[in-house]
Amino acid sequence: MCTDQMSTRTSTSRRIFIEQASALAAAPMLASLGMTETLAQSAQDYKALVCIFMFGGNDGNNLLIPRDPSDWNQYAGPRGRLAIPRDQTLSIKPSNVQGREFGLHPAMTGIQTLFTSGKAALVANLGTLAAPLTKAQYQNNQAQKPSNLFSHSDQQFLWNTGIADNSLRSGWGGRLGDRVAAMNQSGSLATCLSVGGNSTFLNGDTIRPFPVSPSGQFGLDFLDSSTSGNGETAALSQGMTQMLAQPQANVMDGVWLEILGGSIVNQRQFSSALNGAPLFQTAFPDTGLASALKMVARLISVRSTFGAKRQVFFAGIGGFDTHGEDQPQRQQELLGEVSNAMTAFYNATVELGVGSNVTAFTASDFGRNFPTNGRGSDHGWGSHHLVVGGGVKGNALYGTFPTLVVDGPDDAGEGRWIPTTSVDQYAATMASWFGVNSGDVNLVFPNLKRFASANLGFMF
Amino acid sequence: MLKNFSCRFYANVSHVLVNASAKLINAPFALLAGALLSATSGWVSAQTADELQPLYRLYSPILGGHVYTPNTVGYSQLTEIGWKPEGPSFRIMKAAGMISGAEGAVTTVAFTRLYNATIGRHVMTTDLTQASAFAAQGWTNEGPRGYILPTKVGGTVPIFRLYSPVFNSYVYLTSEADRDAVVAAGWKFERLEGYAWPVSAVPLAKPEALRFLTQATFGPNDLEIKRINTAGMDGWIDDQLLRTATPHMNYLNAAKARRIAASSDGRGDFVEEDSYEAIWQQWLWGNDQLRARMSFAFSEIMVISNTAPDIYPEAMSTYMDVVNKNVLGNYRDLLQAVTLTPAMGYYLNMLGSEKGDKADNKFPNQNFAREVLQLFSVGLYLLNSDGTRKVDAAGKTIPTYDEDTVVGFSQAFSGWNFGGNDNNNPDRFYSTEEHWGIPMIAWASKHSIGTKKLLGGTILPDGQTPEKDLRDALDNIFNHPNTPPFISRQLIQRFVTSNPSAPYVARVSAVFANNGKGVRGDLGAVIKAILMDVEARDATFATNNIKAGKQREPVIRFANILRAFNATSKNGRNNIQYLDSADDALGQSPLLAPSVFNFFSPFYTRPGKLAASGMVAPEFQITNEIQTIGTSNFFYNLVKNESYGGGDSRVKLDLKPAKSFASDPATLVDYLAGLLTFGQLSTGTRDNIITSVTAVPFKNAEYERTLRTRTALTLLVLSPDFVILK
């Protein structure tokens, strides 16, 4: 359960740990799991993964664009009205692609800066795969394909579960949480936190994610408030307490009160913890994703309140299903929002002194098909994704950039790229950085063994 | 669990009925109102209740005459063409027979109705000689409308016939006092027709009737309570099946017209908020409550959503109109009508999906084909007729279809695009004018050629038209054995309980498969079977079974509260639009599901007690620890503001009657429980709320009445008694 990476990464004062441990009822349990030594060495050990899910299927073909003139021409033809002029793309020169030049979507200036400074990497043609799959195998049904390709709900689900040929209900973020929850003093409470609502991603085999409101809207307006001197708040507080204490025979009656009561107790904990959160110098844009990531940063800033050493977060942004004419405008807005929010988030983690301890990455249903459908683009498959953080070996492009040719070697049909890197590999690379040992990585990602590499090498 | 029952509330209901009836009766006749209502008293024994039917009276202000009918459908239809319903006058036997009482056995006599088309008048009589005499003067004998008794038996009342020379009209009264009062006003007493049974003085507004309305409507309100008192549950459903929805597009067009009128340049357009408001108009104030509930239920099965991508407002509201129109008709018609809405076409990409082209590596879009099978009709696994999954010899579930079937359906559904375009012109397929308010049409030139694999081994032949392929494909879905249990189970979940027993699903499925007249897919019969099933009606079934019930959907809870307090707005509109926020709203908002998979799955269970009990609880998928805070605050603020929204569209609750009870916490709580939990609360909840309300100091100031009401109502709407419908 505890890995080399974990135990070697930190050196810290034993005194701090002892102080924290004195407040820790969980210590005996940790001892029985052989965890105490690691904990002792890692009082300042902290790592977080932040999944940013772009719902609807982001058109990766316009996130990362080949910028060498002949490459760009090859790109521009079939893209039609979706093609972004070469000189508008934001130049990046990944250190590991033999001088090949690429361009980022023009809205992603923040990412360009992070990439160039080595704090962001790209993974090319990434997607759901049950096993490595060639074009011939795909066409002749000679190898297993992910179930329900090109279907939003199914592909979102498979991205979240990390298992493309199974209907396992748990998500890989949750399964990572299962394996690290014992490292956190408050157990599961602050291990898997969603600022993006309910999602499969954080559902573990045992752990349940806790949703946190991005707005910081905590607690019931009519409880715990001293503003009302008219007796109403006292009466309501008394009534709520009584109600929550009522035993219920009917199962749903009981579950309703369990959730209502749990929400009050848990929100009080988060609310009280966040009261102590420092204010950021970093300015966050006023967008949905930025608000969500700001909340993630605030939660990270108060991690010691929960004794959290490993956390997995989930955030989402919708609107990427750009079939229509508004794709260029829509993507400009959405990728701008992603870039600006991820950049602010990274800067905030640096401000908190955990720039190298927090890794944010993108996910999405699927890419979109390469040639335009005349308006926008339709459901595709493989796509390009971003990984941001000080723990990332940045300024590099991992995986294999596809050949942008309809009916070419990477095309499953209609310019839907057959992924050359699987979600499993992408996730496992981060899981290893997160501190899950290689044996456990294979349990979390049971199909990983089918792929050539269990680590894509983009994390330190 | 001990249930409490509020008598005060029912007294109040009767009071409302008195007022409402008085309003309906025309002025010259108004003096009768008091007399008529005083005539209704006493209960009929349960033994004979089934054999009786109310005889309803209507008045036509145009014709100036009255008519009596036992037919609830006819009663309803006449009201649609200008007749004023005046409620049941008394009850008569449905069939001829013999009644035994303390007075001995009495044989019934026919109560015959005659009609004079020349003067537009009806008369009823038990006297065959008089009937012949009327007929001789040109009246048409319409036959018996039921049966009454020639002599008195216990519990019956006399039926006096009176005639007004002024109105040239006949009415029937049930007491001597009434008779004499009317005679004093110039009517003539003509005949004692016989004896019949009075309408119950305490009408059907019993907990069970309110519970029924809570299942079947967006919340019992005065109007529906009155209707169910009149018609009973069966009659209420029959009446609702005939009620039509006001088109949502009317609301959009009116909104657009207002914008045009208010603009300086004569421009104005639909906005998406219009589409949401139109839904709430129907929910809050529509007279077609059962239709509205069915439409909402099907909008959660055959989902479109404006979450992403954007769907034009007229497309969404046209979809709602199509669902409303078909949702109490036949499922097959509903399925086809929804399939061909541009909203659905756009949402699931059937719009513009064209035939495959191997050379160009194109294939028809599979999105709609996949979801229509998985979500709208048959589901992923073969089912028994009771909704349980079939298993093979190895005990494994059996898939309903394979990928080739999805491909087959996608081919069968190819070639469709916006209506109102030239579908003989292949190029027009790629440059259609967008018509969101009319069904899609097919381009034969863009339709897949070749055979198509459907469900159950059916192969569509090559060379059929796109229209024929579509009809055949939908027939194939409609006739699949999975469809009745798959749809029936979900409808039961939307109306009655999350975990229906297998026999309950089987009973409803059987009605879906055959409505008793050889018709498959009769959704009116299906909803009636759902609501009238013993598992829905027998309240002890719910109280004795710890797995019973369902969470009231958050938006339905909101509607329940608004309707319970007769919420209205100044301009008759609303501005209820986005309720999907988790922070300060309900996490649910019509037409804004996160995806085609709706707000929740019919198979969702929550880890913990629910899963351990082997239960599903769809609504709990959107019930988590932040949503619950947001929802609770939402309802608290609704109660605190006594309204929702702003401006002239602000929807205001009428809390005056509640506040009038504030001095007596028990009365206040019982009154509120009568409105929201059909007069029933667990002892624990009731005692707790009374104690909490009592804790709010009270010296009879108005603001104290407000605080006490707010405290009681907030706790009540957060209590499991309200949240979980049992």
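Where is Asn168(B) found? Asn168(B) sits in the loop between strand E9 (157-164) and strand E10 (169-173) of chain B. Helices (H or I, at least four residues) and strands (E, at least two) are DSSP runs, numbered from the N terminus.

This is a predicted model: local features need pLDDT of at least 70, side-chain atom pairs count only at pLDDT 80 or more, and totals for chains, interfaces and linings use all residues. Residues are numbered from 1 along each chain as its sequence is written, while chains are lettered from A and ligands numbered from 1 in the order in which they are written.

**Selected residues**

Asn168(B) is not a glycine, yet its phi is positive, about 50°. Asn125(A) also has a positive phi, near 45°, in a residue other than glycine. Asn125(A) belongs to strand E5 (residues 120-127) of chain A. Val271(B) lies in the loop between helix H9 (248-262) and helix H10 (272-285) of chain B. From Val271(B) to Ser414(B) the sequence separation is 143 residues, and the C-alpha to C-alpha distance is 31 Å.

The table gives burial for these residues. A residue is buried if 20 or more other C-beta atoms lie within 10 Å of its own, exposed if 12 or fewer, and partly exposed in between; C-beta atoms are placed from the backbone.

| Residue | C-beta neighbours inside 10 Å | Class |
|---|---|---|
| Asn125(A) | 23 neighbours | buried |
| Val271(B) | 15 neighbours | partly exposed |
| Asn168(B) | 14 neighbours | partly exposed |

**Chain B overall**

Chain B has 30 helices and 19 strands. Its radius of gyration is 29 Å, close to the 27 Å that the globule rule gives for 726 residues, so chain B is as compact as a globular protein of that length. The radius is taken over C-alpha atoms, and the rule is 2.2 Å times the number of residues to the power 0.38. The C-alpha trace of chain B spans about 90 × 75 × 70 Å along its principal axes. Of the 726 residues, 54% count as buried.

Two residues are in contact if their C-beta atoms, placed from the backbone, lie within 7 Å. Among contacts in chain B with a separation of 6 or more, 69% join residues 24 or more positions apart.

Chain B is divided into domain 1 (23-201) and domain 2 (550-591 + 622-725). These bounds come from an automatic or database domain assignment. The centres of the two domains, taken over C-alpha atoms, are 43 Å apart.

**Where the chains meet**

The contact takes 60 residues from chain B and 55 residues from chain A. Elements giving two or more residues to the chain B side include helix H15 (367-374), helix H25 (627-641) and helix H29 (702-718). H28(B) supplies the largest share of that side, 7 residues.

**A sheet in chain A**

In chain A, 3 strands form an open sheet in the order E2-E4-E3, with antiparallel pairing. Two strands pair if DSSP finds at least two bridges between them. Strand E2 (64-66) and strand E3 (90-92) are the edge strands, each pairing on one side only. The twist averages 40° from one strand to the next. Antiparallel E3(A) and strand E4 (residues 102-104) of chain A are joined by 3 bridges. Ile92(A) stands opposite Phe102(A) in E4(A).

Helix H6 (residues 109-116) of chain A packs on the sheet, touching E3 and E4 of chain A. The direction of H6 makes about 15° with that of E3(A). Axes are lines fitted to C-alpha atoms, for helices over the stretch in contact, and angles run from 0 to 180 degrees between N-to-C directions.
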